[in-house]
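User: Please take a close look at one part of this model and walk me through it. Keep it brisk, and show the geometry behind each step.

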Amino acid sequence: MALSVRLDPLLESRVEQEARRRGITKSEVVKDALERVLGMKSPSALYRQIIDRQPYAVNEPQTEYSENSGEKFKALLRAKHPD
């Protein structure tokens with residue numbers, strides 16, 4: 001489905017900058033932002049996927065994962081860079 005949206009020049013410039021920074025299209029930047037606002041992408045679920053190496057579920061319930069993530073991250077760093 002195609003959708004037209006009018007953006008003010010400053011917002012359009014920011015979208016273009018973000019697209020260049022990430023190496024993706026302006027459409028992908030807008031889609032990503034909409035998915036986050038609509039709860040279809042969860043940054044905490046993506047973070048947990050990295051920490052726990054679990055598959056990412058798009059509509060996973062929002063849960064706070066910060067309780068143990070600091071310790072898990074420290075353990076990963078220690079394993080990667082033992083002194």
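Analyst: One convention comes before the details. A helix here is a DSSP run of H or I with at least four residues, and helices are numbered from the N terminus. The model is predicted.

Context next. The protein has 4 helices and 0 strands. From the N terminus on, its elements run α-α-α-α. Buried residues make up 12% of its 83 residues. Among contacts with a separation of 6 or more, 5% join residues 24 or more positions apart. Accessible surface comes to about 7,200 Å², with 56% of that on carbon and sulfur atoms.

Start with α1, which covers residues 9-22 and has 14 residues. From first C-alpha to last, α1 reaches 20 Å, close to the 20 Å expected at 1.5 Å a residue. Asp8 caps its N-terminal end. There, a side-chain oxygen of Asp8 lies 3.0 Å from the backbone nitrogen of Leu10. At the other end, α1 is followed by Gly23, whose phi is positive, near 70 degrees.

Now α2, residues 26-37. Its 12 residues should span 16 Å at 1.5 Å a residue. The end C-alpha atoms of α2 are 17 Å apart, which agrees. Gly39 follows α2, and the phi of Gly39 is positive too, near 75 degrees.

How do the two helices α1 and α2 cross? Their axes come within 8 Å and cross at roughly 100 degrees. Angles of 65 to 115 degrees count as roughly perpendicular, so α1 and α2 are roughly perpendicular to each other. On the α1 side, the contact is made by Glu12, Val15, Glu16, Glu18, Ala19 and Arg22. On the α2 side, Lys26, Val29, Val30 and Asp32 take part. An α-helix has 3.6 residues a turn, so residues three or four places apart point the same way.

Asp32 lies in α2 and belongs to the contact with α1. Is Asp32 buried or exposed? The cut-off for buried is under 20% relative accessible area. Asp32 has 9%, so Asp32 is buried. Leaving aside neighbours within four places in sequence, Asp32 is in contact with Arg22 and Lys41. Arg22 is one of the α1 residues that make the contact with α2.

Conventions:
Residues are numbered from 1 along each chain as its sequence is written. This is a predicted model: local features need pLDDT of at least 70, side-chain atom pairs count only at pLDDT 80 or more; totals for chains, interfaces and linings use all residues. Side-chain values use heavy atoms; hydrogens and water are left out. The expected span of a helix is 1.5 Å times one less than its number of residues. A polar contact is a pair of N or O atoms within 3.5 Å; within protein, one must be able to donate a hydrogen and the other to accept it, and residues adjacent in sequence count only if both atoms are side-chain atoms. Buried means under 20% relative accessible area, exposed over 50%, partly exposed in between (1.4 Å probe, protein chains only). Contact means heavy atoms within 4.5 Å. Accessible areas come from the Shrake-Rupley method with a 1.4 Å probe; for residues, only the protein chains shown count as cover. Axes are lines fitted to C-alpha atoms, for helices over the stretch in contact, and angles run from 0 to 180 degrees between N-to-C directions. Angles under 35 degrees count as roughly parallel, over 145 as roughly antiparallel, 65 to 115 as roughly perpendicular and the rest as oblique.
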